[in-house]
Amino acid sequence: MNNQVTVLDHPLIQHKLSFLRDKNTGSKMFRELVSEVSMLMCYEAMRDLPLEEIEIETPVAKTKTNVLAGRKLAFVPILRAGNGMLDAMLKMVPAAKVGHIGLYRDEKTLKPVEYYKKLPLDINERDVFVLDPMLATGGSAVDAISIIKQSNPKSIKFLCIVAAPHGIRVLTEEHPDVQVFCAAKDKGLNERSYIIPGLGDAGDRIFGTM
Ligand code: PRP
Ligand code: URA
C-alpha cells in the first residue's frame with residue numbers, strides 16, 4: 001500500500017474492532033467502541049503535529065518543555081455515522097472547531113446525496129480531519145473532501161475505521177494530497193456495496209435505526 005494510507009494495526013484497536021464487527025454487539029456498546037477506537041486513531045493520526053518549546057516552573061525547578069505549536073484544527077464528521085467519532089476527537093483536542101457535511105448514499109444509485117453543510121468560517125486557516133467510520137465505494141468521502149476543499153483548508157486527513165480496497169483506490173486517486181488512516185483494510189464489497197466482512201451499516205448500528 002502506498003504511504004498515503006496508514007492502517008493502524010495497534011493491538012488495542014484490533015481488539016476493539018473485533019467487537020465492533022460482531023453482529024451481537026448492541027448500539028450502546030457499539031457507540032462506546034467507535035469512540036474508543038476513534039480516540040486511539042486520533043492519537044496516531046496526530047503524531048506529526050508540530051511542537052514548540054516553552055519555559056515553565058515546576059514546584060521544584062525551571063524547565064523547558066513542549067506544547068502543541070498553536071496548530072488550528074477542525075473536525076468534520078460526515079453525517080450521520082461520522083458523528084460517532086466526534087466526541088472522542090474533541091476529548092483529545094477540545095479547542096478544535098467542528099464542521100458537518102451531511103451525505104447519504106442513495107440506495108439505488110449508491111451515489112452520495114448532499115443534504116447539509118456547515119463549516120467553520122476560518123477553515124482556510126485550519127488542518128482538517130474528516131471523520132467517517134466507513135470507506136466503501138469512496139463516493140461519500142470523495143464528495144465530502146471536494147466540498148471542504150472549496151473553502152481552501154490548510155490540509156486534510158481522512159480517518160475511517162473500516163476501508164474497502166475500492167474506496168481507498170478511488171479516494172487516493174481523486175485526492176492524492178489527503179492522508180488516509182484506517183483501522184482495517186477489508187476484503188471487498190458485496191453486491192450492495194457493503195464492506196465485507198465490514199461491520200454492517202455503521203450509522204444504523206450507532207443510532208439503533210436498524
Ligand atoms: C455510510 C458511511 C459513509 C458511506 C460510505 O453512510 O457512514 O458515509 O456510507 O459509503 P461509500 O464509501 O460507498 O460512499 P450512509 O450513506 O449509510 O449514511 P448514514 O451515515 O446517514 O447512515
Ligand atoms: N456504509 C456502511 O455503513 N457500511 C458499509 O459496509 C458500507 C457503507
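Analyst: Leu-135 stands opposite Ala-163 in S11, in a model that is predicted. Strand S9 (134–135) and strand S11 (residues 162–163) pair in the parallel sense over 2 bridges; two strands pair if DSSP finds at least two bridges between them. Strands (E, at least two residues) and helices (H or I, at least four) are DSSP runs numbered from the N terminus. The open sheet has 3 strands in the order S9-S11-S13, with parallel pairing. S9 and S13 are its edge strands, each pairing on one side only.

Ala-183 is found in the loop between strand S12 (179–182) and strand S13 (184–185). Is Ala-183 buried or exposed? Ala-183 is buried, with a relative accessible area of 1% (buried means under 20%, exposed over 50%, partly exposed in between, with a 1.4 Å probe and protein chains only). Leaving out residues up to four places away in sequence, Ala-183 touches Val-7, Leu-8, Ile-13, Gln-14, Leu-17, Met-41, Cys-160 and Ile-161, where contact means heavy atoms within 4.5 Å.

Next come two helices. The axes of H1 (residues 11–21) and H2 (residues 27–45) come within 10 Å and cross at roughly 155°; axes are lines fitted to C-alpha atoms over the stretch in contact, and angles run from 0 to 180 degrees between N-to-C directions. H1 and H2 are therefore roughly antiparallel (over 145 degrees; under 35 is roughly parallel, 65 to 115 roughly perpendicular, the rest oblique). Leu-12, Ile-13, Lys-16, Phe-19 and Leu-20 of H1 meet Phe-30, Leu-33, Val-34, Glu-36, Val-37, Leu-40 and Met-41 of H2. Ile-13 and Met-41, both in this contact, also touch Ala-183.

S8 pairs in the parallel sense with strand S4 (residues 73–79) over 5 bridges, and Leu-73 stands opposite Asp-127. Strand S10 (residues 155–159) also runs parallel to S8, joined by 5 bridges; there Phe-158 is the bridge partner of Val-130.

Residues are numbered from 1 along each chain as its sequence is written, while chains are lettered from A and ligands numbered from 1 in the order in which they are written. Local features need pLDDT of at least 70 and side-chain atom pairs count only at pLDDT 80 or more, while totals for chains, interfaces and linings use all residues; side-chain values use heavy atoms, leaving out hydrogens and water.
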